[in-house]
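Dear colleague,

A summary of the findings follows it.

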Amino acid sequence: MLYKLLMSVHKEFLLLRRDLGGVIILFIMPLILIFVVTLIQDNTFKTVNNAKIPILLVNNDKGNVSEEVYTNLEKSDVFTVITKIDGRPLTEAIAKDAVFKGKYQLAIVIPENLSADLQTKIDQNVDKILSNFGLTDSLAKTGGPKIVQRKEVNLYFDPAVQLSFKNAVMSSVDKMISQIETKSIYAAFQDQLGEGTAQFDQESFISFKEIVPMVDDREIKPNSVQHNVPAWTLFAIFFIVIPLSINIVKEKNQGTFIRLRTHPTSNVVLMAGKTITYLIICMIQFYMMVASAVFLFPSLGLPALNVEGNMLLMSIVAAFSGFAAIGFGILLGTVAKTQEQSAPFGATSAIILAAIGGVWVPVFAMPEMMQVIAKSSPMNWGLNAFYDVLLRNGTIVSILPEIGLLFLFFLINVTIALWYDEKKRAV
């Protein structure tokens, strides 16, 4: 039995040797992919964090509030404020046109009388509060209170910008305006109570502090490499489906599989030979990707992948992900009748599994229905297992559910393939 298994593995390597170009592509293309994607994403992070984004500011207020908005925007490490285009002061129409044509990503339009009306509204509210304590005589004022309409700061976004950028900007602007309002309220109280009567501490009382995981008194800080290497390694592993399914179809069409079955060798041994052969290829892919991330990424200005103490668990996850991909490839090659069926379907299905599995878009950002569907993708199981090891300081126990699902996926696919093949021959 062992001899037959070794010969089956030898036969698979002979088949692969006949298509060295395809095998080389299996190793080279994933490396190029992981380099390109990680460089793009890392540079995107650097752009967001370091480079300033030019924005248009239309100041129709000309008051202290708009001046403070301008000052805060200029002081930020994110924006460069532009108030003129071609030497002409900006108007709302000009800014809107420039943004909607994609020349700028954002325009902020401050309405007229924002400072004056804000101060009036604050004074009215402060007067009401103080009059309730008998500190002012609101009845002495002639006439009723001035009706002040709510003000809106208009934001224009380039239609091509991402929703996450919009949300981040709107959150920043809202926080800035809230701080200005709070500061004005404190100032109004000080004016009413008399200068020097009360000194309010206007520093934020509540702040936010991120608590990150610690290992050996060192913070675990995720980066683009830790996210991309597992994701695109899984993508590469599942592309093994294409050559595996094509070789199975070739064996069927050329009569090789029938000749093999005439020998006293069970179909299980043949499938085991394919599994061992392609699992070796998957693991070589995995180790090449990891080695590139550890040794080559720093020379490109990227963070090195830290695999200290995690290599064994990562290898286990990669192996079980390989099992899942091989099982799917065996099923596809068994069911498909021609290479024209197996190759496009294999490539498309790998892309679909990656898309719904969280390789391209994080699962939490998907619609609720897609989040449920994502849990059925083997790439999602493998990705979560990799993240448990790399980012969550997981142990073998914590990844058991994911690798269990991956191996079950392999067993189900191979079982269906064997059943289908036997049923087909019995007809």
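**Asparagine 413 and its surroundings**

The side chain of asparagine 413 comes within 2.6 Å of the backbone oxygen of phenylalanine 409, a polar contact being a pair of N or O atoms within 3.5 Å, where within protein one must be able to donate a hydrogen and the other to accept it, and residues adjacent in sequence count only if both atoms are side-chain atoms. The model is a predicted one, in which local features need pLDDT of at least 70 and side-chain atom pairs count only at pLDDT 80 or more, while totals for chains, interfaces and linings use all residues. Residues are numbered from 1 along each chain as its sequence is written, and side-chain values use heavy atoms, with hydrogens and water left out.

Asparagine 413 belongs to helix α15, residues 396-426; helices (H or I, at least four residues) and strands (E, at least two) are DSSP runs numbered from the N terminus. Asparagine 413 counts as buried because its relative accessibility is 6%, where buried means under 20% relative accessible area, exposed over 50% and partly exposed in between (1.4 Å probe, protein chains only). Beyond its neighbours within four places in sequence, asparagine 413 is in contact with Gly327, Phe328 and Leu331; contact means heavy atoms within 4.5 Å.

**Nonpolar cores**

The largest nonpolar core has 66 residues, of which Ile240, Phe297, Leu305, Met314 and Ile330 touch the most other members. Such a core is a set of buried Ala, Val, Leu, Ile, Met, Phe, Trp, Tyr and Cys residues joined through side-chain atoms within 4.5 Å. The most residues in this core, 13, come from α11. Not counting residues up to four places away in sequence, isoleucine 330 touches Leu244, Ile248, Met271, Thr275, Val414 and Ala417. Another core, of 24 residues, lies apart from it and includes Ile55, Leu130, Met176 and Ile180.

**Helix α3**

Val65, Ser66, Val69 and Leu73 are buried in α3. These residues lie on the same side of α3 because they cover an arc of only 100° around the axis, the arc being that of the directions from the helix axis to the C-beta atoms.

**The chain as a whole**

The protein chain contains 15 helices and eight strands. Of its 427 residues, 42% are buried. Among contacts between residues at least 6 apart in sequence, 79% join residues at least 24 apart.

Yours sincerely
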